[in-house]
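The tour goes from stop to stop.

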Amino acid sequence: MAVLDPESQAPTSLHDPLFPWLRLVNEALEDLNSGKDSDTYLAKTLSDCIKMFKDNAQYRDDIRFLKIWFLYIGLCEDFDRIFTEILEKKICVGHSLLYVWYATFLESKGKLYDAQMVYQMGILRNAEPVEWLKKAHGLFLERMSDLVNDTSLQKVCQKEQDETEKTKGIDILQNDGGESIESEESYINPWSSSTIKDLVKKITSQITKYEGCHSSSKAYPGKVALASLPNSSRNKFIEIGGKKYQIKGCAGQGGFAKVYKAYVNSNPDEIQKPPFPWEFYMYRQLDHRISAEERLSFGFAHRVHLYSDCSVLVCDYLANGTLQDAINSYVVVGKSMEEVLCIYYTIEMLCMLEALHGAGIIHGDFKPDNMLIRYARADLLEDAFPDRSGAWRDQERCLQGLCLVDWGRGIDLQLFPGDTKFKGDCRTSGFRCVEMQQNKPWKFQATLYFY
């Protein structure tokens, strides 16, 4: 077990209340290593230290405090809960160390799938230094390749995940017709690889019949490889489905795909990859189930191009940023959003949820980052706000409000038995409903929970 050296980490200071605790932890470690004491005292010291400083912004990005957390993780069986708390408290979430240390810990426990997910989480968050994180991830994959042949790492991780799900009562069986049957406890993880795979298999024939779906059994035939876009994408031209797209740059990245801003016939679009037909399916369900009056609040997918090695989803591009961007614009100048504006956006979100849940759809990743801001082109009249008339709800114009996007975690309740309850963790810090935090079954709570 490693020993903390407070002298080498930071000088003693009246402005560093953590320093005396580092000495206590170091002494407890030395007593444990010399056999003078058990790990019970060390665990209590670490726990007390964490309780005292976990809400202290002074140590949110302090690597010394992160080490305290990880010493405590090594002494607890419920280490997944502790890691989740680290993310919720935003302890060093921008540091690569957090993800490399925890992934390495999981690997030592034989939890290869979970380790892979932690590496991907850190990379998606661009934790610094990201190159070191990617190198550590690459070494992890090399170690795994020594254990298995060819590309069976994914099979090993999937097997581990499936076994974990079975112990939690969320196993999905298949009948002769290929339809999903709930297990005895009726708890399903809607985001597990096995669940998504089964659902996509079930609806594939339906997806290919939708307007805008262009499916091919061949690989992407373009001269410019889509895989090269992340490195040098700006102003590059690619051809998809007979149309040429001028890539203007990477607009963002979600849990399932990268998003690129592109121009087609002078109109900006977004392009997503890698292969993932589920999101296109969710957009078409919105077309069928949401009224025309509410439909503009949930984004549109014009078409999807499905290849054997990738898929490209083409959507409208809204250039006004996200609700999170608007919130941050106030934070950076030390202000808070005006109360009336907060109330307005809250009404918008509640209307969204009412429409979605009434249609049997759960977004699954409901947060300000996934809400694009729309501005009306016509003048807004205060008297027209209560019934949302005029420019507030003008179908012919870019109306005022929010637009909910990123349907990769969308849940279609019509694909499950009516009494189904879910178990699964969105792993989005700050937006995990209470049921997820307590490992209890949930349904609409996933999007009704507000941080």
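Select helix H3 (residues 39-53) and helix H4 (residues 63-73): their axes come within 9 Å and cross at roughly 135°. Axes here are lines fitted to C-alpha atoms, for helices over the stretch in contact, and angles run from 0 to 180 degrees between N-to-C directions. Helices (H or I, at least four residues) and strands (E, at least two) are DSSP runs, numbered from the N terminus. This is a predicted model, in which local features need pLDDT of at least 70, side-chain atom pairs count only at pLDDT 80 or more, and totals for chains, interfaces and linings use all residues. Residues are numbered from 1 along each chain as its sequence is written, and side-chain values use heavy atoms, with hydrogens and water left out.

On H3, the contact (heavy atoms within 4.5 Å) is made by Ala43, Leu46, Ser47, Cys49, Ile50 and Phe53, and on H4 by Phe65, Ile68, Trp69, Leu71 and Tyr72.

Stay on Cys49. Is Cys49 buried or exposed? Cys49 counts as buried, at 0% relative accessibility. Buried means under 20% relative accessible area, exposed over 50%, and partly exposed in between (1.4 Å probe, protein chains only). Cys342, at 33%, counts as partly exposed.

Next, select Lys90, in the loop between helix H5 (79-88) and helix H6 (96-108). Its phi is near 60°, a positive value in a residue other than glycine. Lys90 is partly exposed, with a relative accessible area of 35%.

Finally, go to Pro129, in the loop between helix H7 (112-124) and helix H8 (130-147). The peptide bond from Glu128 to Pro129 is cis, with omega near -10°. Most peptide bonds are trans.
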